[in-house]
Structure formats: structure tokens, C-alpha cells
Amino acid sequence: MQIVFVGGGNMATALIGGMLRQGFAASEICVAEPDAAKRGQLQQTFGIATLPGVPAGGAFDVVVLAVKPQQMKAVAQEWSPVAANALVVSIAAGIRTESLAGWLGGHKRIVRVMPNTPALVQAGISGLFADPGVSQSDRDAAQRILAAVGETLWVDAEAQIDAITAISGSGPAYVFYFIESLTEAGVALGFSTEQARQLAYATFAGSIKLAQQSDDDAATLRTKVTSKGGTTERALATMEAGGVKAAIVDGARAACLRGKELGDEFGKQ
């Protein structure tokens, strides 16, 4: 399988690294990247071929569009001839398959993906939606690529990609925000920043591991560590009074709405 990444940024780099670790050959992967320094770094790090732009010839089985949403229309139109006989995988937020298909001259073999930044350490989760024109073999190819950097979740309706963006795409920022807050609390309670960070990181890592290995849901686990009249109950009561849970839910809804707005905005380009 011959794969070309259009764009050599962080997510493309994460995917390539994961793919090589999962058994892809360097000879199967190519990156088109206009930045010469970045091309050199990719060649040195991964031993893969690179291009400064659209190749004059050559055939690819998969074209992974890994550019910024605002660049997608121009890039898709430029790569349309190369992508004509390939599976197109888009990892750009907000770009709907209908818009992308139009820019690609009516191309229908499109899989839209929303990965997240933990893919950089092969611990990501990616939501995937396949255009009706995508075959099972194409779905398998997309699955193999994204599974190289973490878990995958296929959805049947493209609108669900906006919801995935709100939960797991933007979600790492919510987690970092809570870690940041917990670290600040630790410093306020007399720990050094390093000590507070150690406590916060270990608490999150251990809690996630416990949740993943438990048959209980998060609400049940929370109840089990909340003693009546104890410190945890007091903390949670204070957070609930401050509307923390409601704010998180509202924030995710706002992110989902923004994803829809971006789809409308970019689709009208």
C-alpha cells in the first residue's frame, strides 16, 4: 500500500511514527511538505521519501490530507488529479465530506477522521466516518492507519464527528485544564510546583487505569471514594455548587456547535 501524507505537521508525524512501529515499511510512506527543513527532518527521523509538492507522476493508494482547514480547499483542488484513484483520508477539523468531494471533482472515496493529540504518544482515539462510496477494503486501510496511534471509533452519521471533536478531539485540553487547576491547588496548599504536578499527574494516571480495569462506571467509582461527611464529599459538594459538571457539559456542547459552524464556514469557501 502506497500512502502519501499531504502536510508534515504534528499529527502526520505521529501517524507516520505509529505506522512504522506497527509494521508499515518506510518505502510505503511518502510526505508532501513545502518546508524544506521539515522534509529533511522527516527523512532523517523516519527514512521515508518526501516531496515539495504535488508529484508530476506516481500513483498512491491512499492520500492523507493533513493540512489546516483553511488550506484544505486549495490543497484538495491541487491534489485532485493524484487523488482520483485513491482513498482520501481527511484529518482536518470542520471539513465535511460533501465539501471535500466537491473540491476533489466529485470524488467519493473519502474517510473523515478526527484524531486527538495523545496520538503523539500512541495513546489517541480517532473518530472515523466513511462516505457511502467507501468500500470495506478502504475502511480497513483507514482503520489500519489510524489504529497505529490508538483506539478508533467508527460512526454512521457524519454529524457525530462534530460530537467526537467536542469530546475526544478537544477533550485533552479539558483534562489538561483540570490538571492545571489541581496543580495550582497543590501549590496554594504549600507544595512546590514540581511536587504538586507529580501529585496531579499520578492521580490522573492512576484513576484512569483504575477506571479502565474496573467493571464500575465513573459515577460508581466516584461514590466508592466519597465517604459520608469526609474530605472528598466536601470537595465535590463545593465543585457541584460551583457548577463544575454543568460547565463541562456546556463546554462540550459549545465545542460541538463550533464544529458545525466551522463546517458551514469552510464549506462555503
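Student: Where is Asp131 found?

Tutor: Asp131 sits in the loop between strand S7 (124-130) and helix H5 (136-146). Helices (H or I, at least four residues) and strands (E, at least two) are DSSP runs, numbered from the N terminus. Keep in mind that this is a predicted model: local features need pLDDT of at least 70, side-chain atom pairs count only at pLDDT 80 or more, and totals for chains, interfaces and linings use all residues. Residues are numbered from 1 along each chain as its sequence is written, and side-chain values use heavy atoms, with hydrogens and water left out.

Student: What makes Asp131 a residue with no salt bridge?

Tutor: A salt bridge needs a side-chain nitrogen of Lys or Arg within 4 Å of a carboxyl oxygen of Asp or Glu. For Asp131, the nearest side chain of opposite charge, Lys108, is 5.1 Å away, and Asp131 has no salt bridge. Still, Asp131 is in contact (heavy atoms within 4.5 Å) with Thr97, Lys108 and Ile110, leaving aside its neighbours within four places in sequence.

Student: How do you know that Arg112 and Asp162 do form a salt bridge?

Tutor: Their N to O distance is 3.7 Å, and the cut-off is 4 Å, so the pair counts. Arg112 is in strand S6 (residues 110-114) and Asp162 in helix H6 (residues 159-169), 50 residues apart.

Student: Why is Arg112 called buried?

Tutor: Buried means under 20% relative accessible area, exposed over 50%, partly exposed in between (1.4 Å probe, protein chains only). Arg112 has 3% relative accessibility, so Arg112 counts as buried. Asp162 comes out at 5%, so Asp162 is buried too.

Student: And why does Lys224 count as exposed?

Tutor: Lys224 has 59% relative accessibility, so Lys224 lands in the exposed class. Its salt-bridge partner is Asp216, with the closest N and O atoms 2.4 Å apart. Asp216 has a relative accessible area of 25%, so Asp216 is partly exposed.

Student: What makes Arg96 and Asp264 a pair that links distant parts of the chain?

Tutor: First, the salt bridge: the closest N and O atoms of Arg96 and Asp264 are 2.8 Å apart. Arg96 is in the loop between strand S5 (87-90) and helix H4 (97-103), while Asp264 is in helix H11, 168 residues apart.

Student: Why is Arg96 called partly exposed?

Tutor: Arg96 has a relative accessible area of 26%, so Arg96 is partly exposed. Asp264, at 39%, is therefore partly exposed as well.

Student: How many salt bridges does a search of the whole structure find?

Tutor: The search finds 8.

Key
Lys and Arg count as positive and Asp and Glu as negative; His and the chain ends are not counted.
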